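I am keeping short notes on one structure. The entries below record what I looked up, in the order I went through it.

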Amino acid sequence: MREFSVRIVLSELTIVADSAERAEEIAVGILDSDARTRLSHGLCVEACEVEERGPSDEEETEV
């Protein structure tokens, strides 16, 4: 047998929030809300990059 390291890349989301920290909280909440993915594959968030895109007229993104 051989050991492999595999990086899983999730789709990019557009999230509306008051701050980068809140946007990260919402993104983690969205991932955590999918219990099947978490339980079946033991996935977790190792790192989260947030890039600010500017002001928005939309309401905060819901989990």
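**Entry 1: the whole chain**

I began with burial and found that 8% of the 63 residues of the protein chain count as buried. Here buried means under 20% relative accessible area, exposed means over 50%, and partly exposed is in between, with a 1.4 Å probe and protein chains only. I note that this is a predicted model, in which local features need pLDDT of at least 70 and side-chain atom pairs count only at pLDDT 80 or more, while totals for chains, interfaces and linings use all residues. Residues are numbered from 1 along each chain as its sequence is written, and side-chain values use heavy atoms, with hydrogens and water left out.

I looked up the secondary structure next: the protein chain has 2 helices and 0 strands. Helices (H or I, at least four residues) and strands (E, at least two) are DSSP runs, numbered from the N terminus.

The protein chain exposes about 6,200 Å², and carbon and sulfur atoms supply 45% of that area. Accessible areas come from the Shrake-Rupley method with a 1.4 Å probe, and for residues only the protein chains shown count as cover.

I then checked contacts (heavy atoms within 4.5 Å). Of the contacts in the protein chain with a separation of 6 or more, 64% are between residues 24 or more positions apart.

**Entry 2: salt bridges**

How many salt bridges does a search of the whole structure find? I got 2. A salt bridge is a side-chain nitrogen of Lys or Arg within 4 Å of a carboxyl oxygen of Asp or Glu. Side chains of opposite charge can pair when their charged atoms come close.

Glu-25 is partly exposed, at 48% relative accessibility. Arg-22 is also partly exposed, at 30%.

Arg-22 also meets the side chain of Glu-60 in a salt bridge, at 2.9 Å from N to O. Arg-22 lies in helix 1 and Glu-60 in the segment after helix 2, so this pair ties together parts that are 38 residues apart in sequence. Glu-60 counts as partly exposed, with a relative accessible area of 36%. Through shared partners, the salt bridges join Arg-22, Glu-25 and Glu-60 into one network.

**Entry 3: a charged patch**

Which residues gather in a patch of negative charge on the surface? I listed Asp-57, Glu-58, Glu-59 and Glu-62. Patches are made of residues with over 30% relative accessible area and no salt bridge; like charges are joined within 9 Å, and nonpolar side chains (Val, Leu, Ile, Met, Phe, Trp, Tyr) within 5 Å. Lys and Arg count as positive and Asp and Glu as negative, while His and the chain ends are not counted. The place of a charge is taken as NZ of Lys, CZ of Arg, CG of Asp or CD of Glu.

I looked at one member, Glu-58, which is found in the segment after helix 2 (35-41). Is Glu-58 buried or exposed? Glu-58 counts as exposed because its relative accessibility is 59%. Its C-alpha atom is 9.6 Å from that of Ile-15, a residue 43 residues apart from it along the chain.

**Entry 4: before helix 1**

Asp-18 is placed in the segment before helix 1. At 78% relative accessibility, Asp-18 is exposed.

Thr-14 is in the segment before helix 1, and at 58% relative accessibility Thr-14 counts as exposed. Not counting residues up to four places away in sequence, Thr-14 touches Arg-53 and Thr-61. Thr-14 and Thr-61 are 47 residues apart along the chain, and 8.6 Å separates their C-alpha atoms.
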